[in-house]
Amino acid sequence: MNSGGQNATCSVCGISYSVERLREKIQTQNIQGGVTVNVVTTPPAAETLEELQFLGKKYLKHCDWENAEKVYEKILDKSPTDEEAFDIFNKLKVWKHMEVENGVLKRYTGRFSEVVLPDAVTSIGNRVFTGNKGVQTVVLTDNVETIEREAFYQSKDLKRVVGLSGVRFIGKNAFFDCLALEECELGNNVEYISDEAFRGCTSLKSIKLAGSLKQLERGVFKGCTSLKEVIIPAGIKVISASLFELCYNLKSVVLPDGIVRIETNAFYGCRALSDINIPSTVEELQTACFKESGISNIDLPEKLEEIPIQCFDRCENLLQIVLPPSVKKICDKAFYGCIALASITFDPSIKVGRQVFFNCRKLIYVNPPEGDGVTTSVVLLDLTNPAQSNGEVLPVELFSALKGTPYYNSEILRRRSNKLCDRCAGKLGMFGKCKVCGYSSKDEKR
């Protein structure tokens, strides 16, 4: 409080009052004892345009939006054509709905369609825009380096995020379920994108990933059903679990050399993805990484040792595949339900899991023709004509893996009509029990 340009501070309570008001309080409250009154002369208010501009910048630096608005209103009174002041004055209408602490945007309560962040903001804090209705565009400055956990979670009207050039870190679920988000161009500084950062952004059609990117965590683009193409930068070494899961319209993914692992469900449900080039550096595929995708042809790298569980489960467009000699095992349901698969090449001595080729209705050829360089006991097996196997019996595991194919069904009928074991084609003894392996179809039914 000011009175005649003088303030006074009560030595008892420490509160500042005008001199007249303090004397009045001393009299009305009948304060006992000596009271020292310290008189402070208030500096004259800023009057010149230069002084106002200096004061305005000071208020902006300290995020004092209320006083900054008053100062810039005075600046415009003195200089109505000052475009910079006019621009800041308009932005202050938005900024006064923000709470900024030590560079971190802690809270925003406005409903403006476009939000331009002030220079003072270096980080967008946790859940600042969570559930916000109305914000369609957010413009960042180069000063913003981090977007924290769930910063824009379920901001259903958000369409564009601009000015990500300074951002280095994007936190978990940062843009989760931003259903209207169409455009997000990451700058050249981003290094880390955390779990499910863009999950459920169903309107996101494209995203440009910077060369500086070193880590894409689990499920970053899961459920981005409009995403059509992505180029993975060279710094990425692992395609994380569920990275593109359920991206139904994803047509093109470019993987760089240096990728060593494609993790669980990475491309699960990518129905439009018909072709993908897997780098020769890949050493491991994990469970269901291409399950229910649109893959029709694929070349597998020479370093693979295992085709994991459900790797190509229900890839209904897969026509043929050649497994490299390095593969030692085909796990359960690896090619389950690949109804278009007509040819597969691999060494029959490798370990084969359960229901590997179940319901592969068009599977005709198993194993390579002569001269292919792969050791095989069956040179060429035409599954539409068992007689071409020259009387040789397939290994039990391989035969079991073919369950659901036309060959398997016809071979079972042939074996039963000749009183041979369903499992190993050995002769049946009393009560239908195999003399070779002891298997009985009646035991299985019981």
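**Reading helix packing, strand pairing and burial**

User: I take it that α3 and α4 are roughly antiparallel to each other. At what angle do the axes of helix α3 and helix α4 cross, and within what distance do they come?

Analyst: A word of care to begin with: this is a predicted model. The axis of helix α3 (residues 65-78) and that of helix α4 (residues 83-95) come within 9 Å of each other and cross at roughly 150°. Angles over 145 degrees count as roughly antiparallel, and therefore this pair is given that description. The handedness is a separate property, and here the crossing of α3 and α4 is left-handed.

User: Which residues of α3 and α4 make the contact?

Analyst: On the α3 side the contact is made by Trp65, Ala68, Glu69, Tyr72, Glu73, Ile75 and Leu76, while α4 contributes Ala85, Phe86, Ile88, Phe89, Leu92, Lys93 and Trp95. Sorted by class, the contact of α3 with α4 has 11 nonpolar residues, three charged residues and no polar ones.

User: In what sense does β5 pair with strand β7?

Analyst: Strand β5 pairs with β7 (residues 123-124) in the parallel sense, over two bridges, and Leu105 stands opposite Ile124 of β7.

User: What is the order of the strands in the open sheet of three strands?

Analyst: The order is β21-β23-β25, and the pairing is parallel. The edge strands, each of which pairs on one side only, are β21 (306-307) and β25 (351-352). Between β21 and β23, which run parallel, there are two bridges, and Ile307 has Ile330 as its bridge partner in β23.

User: Is Val327 buried or exposed, and which residues is it in contact with?

Analyst: Val327 lies in the loop between β22 (320-322) and β23 (329-330). Its relative accessibility is 3%, and because buried means under 20%, Val327 counts as buried. Setting aside its neighbours within four places in sequence, Val327 is in contact with Leu304, Glu305, Ile307 and Ile350. For Ile307, the separation from Val327 is 20 residues in sequence and 7.3 Å in space, C-alpha to C-alpha.

User: Where is the place of Ser155, and what does Ser155 touch?

Analyst: Ser155 sits in the loop between β9 (146-147) and β10 (160-164), and it is buried, with a relative accessible area of 3%. Not counting residues up to four places away in sequence, Ser155 touches Phe129, Thr130, Gly131, Asn132 and Cys178.

User: How many helices and strands has the protein, and what percentage of its residues count as buried?

Analyst: The protein has seven helices and 27 strands, and 46% of its 446 residues count as buried. Of the contacts with a separation of 6 or more, 23% are between residues 24 or more positions apart.

Technical notes: Residues are numbered from 1 along each chain as its sequence is written. This is a predicted model: local features need pLDDT of at least 70, side-chain atom pairs count only at pLDDT 80 or more; totals for chains, interfaces and linings use all residues. Side-chain values use heavy atoms; hydrogens and water are left out. Axes are lines fitted to C-alpha atoms, for helices over the stretch in contact, and angles run from 0 to 180 degrees between N-to-C directions. Helices (H or I, at least four residues) and strands (E, at least two) are DSSP runs, numbered from the N terminus. Angles under 35 degrees count as roughly parallel, over 145 as roughly antiparallel, 65 to 115 as roughly perpendicular and the rest as oblique. A crossing is left-handed if the near helix is turned anticlockwise from the far one by less than a right angle, and right-handed if clockwise. Contact means heavy atoms within 4.5 Å. Ala, Val, Leu, Ile, Met, Phe, Trp, Tyr, Cys and Pro count as nonpolar, Asp, Glu, Lys and Arg as charged, and the others, Gly among them, as polar. Two strands pair if DSSP finds at least two bridges between them. Buried means under 20% relative accessible area, exposed over 50%, partly exposed in between (1.4 Å probe, protein chains only).
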